[in-house]
Amino acid sequence: MKKSCDTCMFSCYQKDTSKHPNIGLLRQHCTSEKYNSPAYTEEMYLEDMKAGYCRFWASQQKG
């Protein structure tokens, strides 16, 4: 299984009405507390993007 936001258990879609208040486009978000923590720096984010997946990725499948 390829590690990506699409296959991560922390990934979800939320309605974003900031640019289109009447439409509400769906945007992918991460619910991981570690990902959204101030301890997760921009440098760490860039390292993860270079590696091709997030360090907090967790499989949606059990087992």
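A disulfide is a pair of cysteine sulfur atoms within 2.5 Å.

**Basis.** I worked on a predicted model, in which local features need pLDDT of at least 70, side-chain atom pairs count only at pLDDT 80 or more, and totals for chains, interfaces and linings use all residues. Residues are numbered from 1 along each chain as its sequence is written, and side-chain values use heavy atoms, with hydrogens and water left out.

**Cysteines.** I searched the whole structure and found zero disulfides. I looked up Cys-30: its closest cysteine sulfur is in Cys-54, and because the two sulfurs are 5.8 Å apart, they are too far for a bond. For Cys-12, the closest cysteine sulfur is that of Cys-30, at 8.2 Å, again too far for a bond. I then checked accessibility (buried is under 20% relative accessible area, exposed over 50%, partly exposed in between, with a 1.4 Å probe and protein chains only). Cys-30 is partly exposed at 24%, and Cys-12 is partly exposed at 22%.

**Ser-32.** I located Ser-32 in the loop between β2 (25-30) and α1 (42-51); helices (H or I, at least four residues) and strands (E, at least two) are DSSP runs, numbered from the N terminus. Ser-32 counts as buried because its relative accessibility is 4%. Its side chain reaches the backbone nitrogen of Lys-34 at 3.3 Å and that of Tyr-35 at 3.2 Å. Leaving aside neighbours within four places in sequence, I noted contact (heavy atoms within 4.5 Å) between Ser-32 and both Phe-10 and Phe-56.

**Tyr-45.** I placed Tyr-45 in helix α1. Tyr-45 is partly exposed, with a relative accessible area of 33%.

Conventions:
Polar contact = N/O pair within 3.5 Å; in protein donor to acceptor, adjacent residues only side chain to side chain.
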